[in-house]
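Trainee: I am new to this structure and would like a close look at one part of it. Please take your time and go on from there to the rest.

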Amino acid sequence: MRAGGFGKHGIRFRAKQAFGVAGLMALGLFGGTAQANPQPGQLNLTPGVTTYSHIPYMLNNVALGVCVVIGILVFGAMFIAMFRFRKSRGAVPEKWSHNTTVEIIWTAIPVVILISLAWLATDGLRKFSDTTGSQMTVKVTGYQWKWRYDYVDYLGKPLHVDFMSKLDDQSNATRQLDSGLDPYAVKADGEQTYLLNVDHPLVVPIHTKIRFVITADDVIHSWFVPALGWKMDAIPGVINAAWTNINTPGIYRGQCAELCGQDHGFMPIVVKAVSQDDFAKWLADQQKAATPPAPAPASTAAAPAQATAQVAAKQSTQG
Amino acid sequence: MAHAATHDEHHDEHHEHLNFFQRWVMSTNHKDIGTLYLVFSLLMFFIGGSFAMVIRAELFKPGLQLVQPYFFNEMTTMHALVMIFGAVMPAFVGLGNWMIPMMVGAPDMALPRMNNLSFWILPFAFALMLSTLFLPGGGPAGGWTMYPPLSIQSASTAYVVFAIHLMGISSIMGAINIIATILNMRAPGMDLLKMPVFVWSWLITAFLLIAVMPVLAGAVTMLLTDKYFNTHFFDAAGGGDPVLFQHVFWFFGHPEVYIMILPAFGIISEIIPTFARKPIFGYKAMVFAIASIAFLSFIVWAHHMFAVGLPLGAEIFFMYATMLIAVPTGVKVFNWVATMWGGSMTFETPMLFAIAFVILFTIGGFSGLMLALVPADFQYHDTYFVVAHFHYVLVTGAIFAIMAATYYWIPKWTGHMYSEFWGKVHFWNSVVWVNVLFFPQHFLGLAGMPRRIPDYNVAFANFNMISSIGGFLFGASQLIFLGVLIHCVWFSKKKATDRVWEGARGLEWTLSSPPPHHSFTIAPVIHDEELAHGHVED
């Protein structure tokens with residue numbers, strides 16, 4: 001299933017290159033349905049791949065549309081004024097400097113527009129903030145400069161799977177100052193993944209409401225995958241909650257979005273969404289690998305228990 | 001009006017006897033101090049601009065070619081600190097120093113010695129801050145917002161905190177001086193609601209400065225004690241909260257962004273009526289809009305923090321309050337357009353910059369409205385969309401207004417006309433390249449490119465290259481500005497008339513060009529039809 005997804009991506013990519021600049025830009029703006037990861041010439045937000053991600057996308061489009069219409073009206077009036085009321089055309093200045101009716105109108109109309117935008121945004125925000133009813137919990141911890149993922153529970157059962165996720169070696173070698181390596185040559189599965197690939201992606205099932213609890217160990221980071229439709233700061237001492245429910249299998253790439261030191265630009269995020277069956281298999285493999293020799297060092301072994309405790313505390317305060 | 005009277009005082013100028021040191025370093029004259037502020041600001045504009053050139057050069061193509069990531073972070077941090085505290089704010093204080101006494105009919109600022117002190121603190125503050133770039137450990141690299149815990153990992157915290165304290169003291173003294181001047185030194189008959197909009201905008205801005213600079217000082221002092229004195233204000237391990245800093249910082253920071261735009265509103269409100277030859281539309285609405293924006297600026301700070309995990313109620317409150325700002329801001333834009341409507345316009349360089357301001361600032365306002373919508377902000381936040389937004393409001397907003405003001409008033413200051421041809425060359429280069437520079441950054445942000453990164457995925461390459469080309473050419477265009485200024489001050493042979501612009505109204509144009517040492521030694525008589533914004537009956 002995943003292979004099919006990549007094939008489609010690859011074809012789309014090659015076709016796009018043939019289009020030339022205008023076609024490329026048109027695709028960038030309107031052809032974004034399956035393109036969750038950044039594309040050359042992309043002009044707009046991605047609609048994303050989750051049950052929530054169309055909300056910011058639509059809100060963005062509506063707000064942009066409103067701004068464009070207001071812009072055309074205001075700037076249009078301005079340009080008409082600049083052509084009609086020029087001294088060089090013999091325009092004689094008028095004396096008026098006040099018009100109550102017009103002023104009331106142009107105060108009231110924006111208020112109405114703002115109320116409708118606020119209504120849409122509030123509705124979206126309420127959906128986003130509802131993290132209840134999740135079937136899975138993943139704890140995300142930001143470090144300088146890598147991410148740690150703890151699978152806390154899945155379908156009501158506690159899990160003990162955790163790993164670090166950092167920039168892949170190929171990107172890391174290429175990104176060194178004057179490395180002489182070509183960023184365009186960094187590829188994985190047919191995608192150009194320079195600075196957007198990791199050694200261990202976060203593997204999650206589709207059609208599952210996943211709750212993320214997000215924190216950090218040293219400085220503030222921010223967990224941001226555009227295809228999921230949100231970012232959430234990872235703050236030491238604070239546990240933030242967010243959720244996602246991915247519709248389409250695929251690999252979704254993002255980056256740390258809060259300045260966190262010298263390698264802020266080099267701690268990407270990769271979410272690999274797979275079918276629930278594939279996820280069950282992956283999970284079994286992970287647990288098998290983890291149990292017999294207990295390879296994890298003491299500090300990391302203690303962490304999932306601690307994470308569970310913190311999540312429980314968070315749940316009880318939200319309760 | 002009082003023109004004849006002040007002319008008699010002309011011989012009274014004693015600054016000709018002063019040597020260079022006495023004239024400039026010991027000055028208590030509002031015009032000389034205004035000039036010092038403006039020259040300092042121009043210097044900082046070029047220093048901050050050179051940091052921006054480093055940033056755009058590194059981002060020219062994917063891969064690291066020029067600087068190490070840590071140095072890149074120092075550049076983004078210093079670029080912001082220098083441009084905000086060194087270029088934009090001193091430029092507005094300089095313009096206020098020069099123009100406010102002349103606009104309200106006063107001989108000088110109310111507190112001339114403090115005026116000297118508030119300027120001369122600044123070179124020391126910036127010498128301290130910029131010196132960190134040459135010290136072991138380097139300059140601040142945690143962003144101008146200085147979020148802990150990252151910012152206190154830096155070796156230069158103490159330098160930067162002390163420099164910010166100095167800048168804050170300077171700003172507060174400048175603000176006190178401006179308030180004292182406006183409230184006490186107006187000529188008889190210059191009622192508050194007859195003052196030029198620029199003076200109103202500065203009066204309100206000065207109150208914002210006094211309200212928030214101490215808050216910034218408190219925030220950075222807590223950083224200092226967290227780093228050196230074992231306090232834990234922002235340290236979670238000691239019971240503190242890193243988010244507390246963000247609340248305190250943005251309680252300063254949001255009014256601060258209006259400190260950088262309200263005087264610009266005032267400038268544009270002077271220039272458009274002059275070149276439209278028509279009184280400003282809705283004078284009282286303009287003043288009220290500035291006051292409303294200033295009030296709202298205190299209750300919207302957390303819109304910079306939508307992604308920190310605020311409770312739902314807080315997100316909703318700050319979203320609504322932020323959206324509300326669009327109403328008075330919209331009123332201002334509509335009023336500027338209505339001022340042009342039915343006028344008799346000419347398009348000299350100040351007017352060109354003012355018109356570009358109205359259009360491009362409004363575009364920055366549009367992206368600001370989009371950013372206010374919380375679910376959309378979860379996508380935009382900390383991406384290049386935000387970078388594009390605040391550069392539209394700060395570069396094509398604040399800085400274009402400062403340039404407009406410079407072209408508008410420099411004939412008055414120097415007594416010479418600048419070169420209109422080269423002014424227009426500067427304008428058209430600036431307005432084209434600034435859009436090539438910042439417009440593609442919207443697309444980069446929407447595609448998901450985070451801000452403050454030294455290197456990026458190849459998908460972002462094309463727009464970054466376009467943006468960098470725009471950046472280099474915008475930067476180069478500012479050398480034309482420098483040339484126009486040098487020519488105007490020292491080489492221009494064309495004398496400016498007292499009125500300078502056909503449609504100019506207001507007390508400053510009744511003085512000679514250049515004006516006498518003490519602006520109005522005898523209080524002028526106020527004629528309503530000569531007010532800056534025209535005679536308004538409402």
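In which segment is B:Pro514 found?

Mentor: This is a predicted model, in which local features need pLDDT of at least 70 and side-chain atom pairs count only at pLDDT 80 or more, while totals for chains, interfaces and linings use all residues. Residues are numbered from 1 along each chain as its sequence is written, chains are lettered from A and ligands numbered from 1 in the order in which they are written, and side-chain values use heavy atoms, with hydrogens and water left out.

B:Pro514 is found in the segment after α17 (461-491) of chain B. Helices (H or I, at least four residues) and strands (E, at least two) are DSSP runs, numbered from the N terminus. The peptide bond that joins B:Ser513 to B:Pro514 is cis, with omega about -5 degrees. Another cis bond runs from B:Pro148 to B:Pro149, where omega is near 0 degrees. B:Pro149 lies in the loop between α5 (112-131) and α6 (157-184) of chain B. A further backbone feature is the positive phi, near 55 degrees, of B:Arg277, a residue other than glycine. B:Arg277 sits in the loop between α9 (262-276) and α10 (283-296) of chain B.

Chain B also meets chain A. Contact (heavy atoms within 4.5 Å) links 95 residues of chain A with 96 residues of chain B. The buried area, which is the accessible area (1.4 Å probe) that two parts lose on being put together, summed over both, is about 8000 Å², and carbon and sulfur atoms give 70% of that. In chain A, the residues that lose the most area to chain B are A:Trp106, A:Leu125 and A:Leu259, together 9% of what that side buries.

The rule finds one salt bridge across this interface, a salt bridge being a side-chain nitrogen of Lys or Arg within 4 Å of a carboxyl oxygen of Asp or Glu. The side chains of A:Lys87 and B:Glu502 meet in a salt bridge at 2.9 Å, N to O.

The side of chain A that touches chain B draws two or more residues from each of α3 (54-84), α4 (100-129), β9 (230-234) and β11 (250-256) of chain A. Of these, α3(A) gives the most, with 18 residues. By kind, that side has 55 nonpolar, 26 polar and 14 charged residues; Ala, Val, Leu, Ile, Met, Phe, Trp, Tyr, Cys and Pro count as nonpolar, Asp, Glu, Lys and Arg as charged, and the others, Gly among them, as polar.
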